[in-house]
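Please look through the sequence and the structure below before reading on.

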Amino acid sequence: MNSHFTGTGKQLVTDFYYNNGFSELSLETKKTTVQQRKQHEASGKDAEDESRLPALEAAYSSILRGLGEDTDRQGLLRTPLRAAKAMQFLTKGYHEDVYDILNDAIFDEDHDEIVIVKDIEMFSLCEHHLVPFFGRVHIGYLPNKKVVGLSKLARIVEMYSRRLQGKNGRGLTQIYIHIQERLTKQIAMAISEALQPAGVAVVIEAAHMCMVMRGVQKMNSRTVTSCMLGVFREDPKTREEFLRLTKTA
């Protein structure tokens, strides 16, 4: 018996071999193949980042000179390079794919109660001003015979928040991230399409530095966004249970 998990250009195959009435699970070779593929992709991503560093470094040098700074003074000699590397880290989600994150962490499980992971720390950049917004993400889903490793939900948040804008990985609905509202929806849609649960709920509460450091300069403002799919949208009691369980005193 073969089970296939296929995406564009990539395929993960798990083979079961039967011998004398017993099933023998052959995974080591497949796991090795997947690990080798990931290592190859990581190497390619590192090379791509390295090739783009000079252009980013030059851009930051231009910005500093545009501000009237002397880029040859001691304190700024390596600032353009450091800033370029920092920006690559802050946007590393471009190199990540939701299917690579989930990988082999989806399990068959007859669980029919809400699963919640709350207070997931989130840091991102507002694409309007390239300044940070940060806060917490609460995720809940009602399984439909499948569950996912809990840490994977936090990794999905990390992947999408480390982008200015982007689209879901292979095979997923194309939704572009611009601001917190769309980030909320993209996280929910990715979980929904990968797990096919009865419902998904995502709430993000964040402080935006574009409202704190500049503009209206309101120190204590918070933006709360939500996306409810499936039973969380259709059933008020289920939605209320999620909101009650994720409420922080």
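A residue is called buried under 20% relative accessible area, exposed over 50%, and partly exposed in between, with a 1.4 Å probe and protein chains only. This is a predicted model, in which local features need pLDDT of at least 70 and side-chain atom pairs count only at pLDDT 80 or more, while totals for chains, interfaces and linings use all residues. Residues are numbered from 1 along each chain as its sequence is written, and side-chain values use heavy atoms, with hydrogens and water left out.

**Exposed and buried positions**

- Asp112 is exposed, since its relative accessible area is 58%, and it sits in the loop between strand E4 (106-108) and strand E5 (115-125); helices (H or I, at least four residues) and strands (E, at least two) are DSSP runs, numbered from the N terminus.
- Although Asp112 and Leu142 are 30 residues apart along the chain, their C-alpha atoms are separated by 6.5 Å.
- Lys152, in helix H4 (residues 150-161), is buried, with a relative accessible area of 16%.
- Leaving out residues up to four places away in sequence, Lys152 touches Ile101, Leu102 and Ala105, where contact means heavy atoms within 4.5 Å.

**Nonpolar cores**

- A nonpolar core is a set of buried Ala, Val, Leu, Ile, Met, Phe, Trp, Tyr and Cys residues joined through side-chain atoms within 4.5 Å.
- The largest such core has 39 residues, of which Ile139 and Ile187 touch the most other members; helix H5 (residues 180-195) gives the most to this core, with 8 residues.
- Apart from that core lies another, of 8 residues, including Leu142, Ala201, Met228 and Val231.
- Among the residues that Ile139 touches, not counting those up to four places away in sequence, are Val115, Leu153, Ile187, Ala201 and Phe242.

**Aromatic pairs**

- Rings of Phe, Tyr and Trp (its six-membered ring) pair if their centres lie within 6.5 Å, and planes under 30 degrees apart count as stacked, over 60 as edge-to-face and the rest as tilted; by this rule the count comes to 2 aromatic pairs.
- Phe123 and Phe134 form a stacked pair, at 6.2 Å centre to centre and with 25° between the planes.
- Because Phe123 lies in strand E5 and Phe134 in strand E6 (residues 132-142), this pair ties together parts that are 11 residues apart in sequence.
- Phe123 is partly exposed at 43% relative accessibility, and Phe134 is partly exposed at 34%.
- Phe232 and Phe242 form an edge-to-face pair, at 5.8 Å centre to centre and with 70° between the planes, and both Phe232 and Phe242 are buried.
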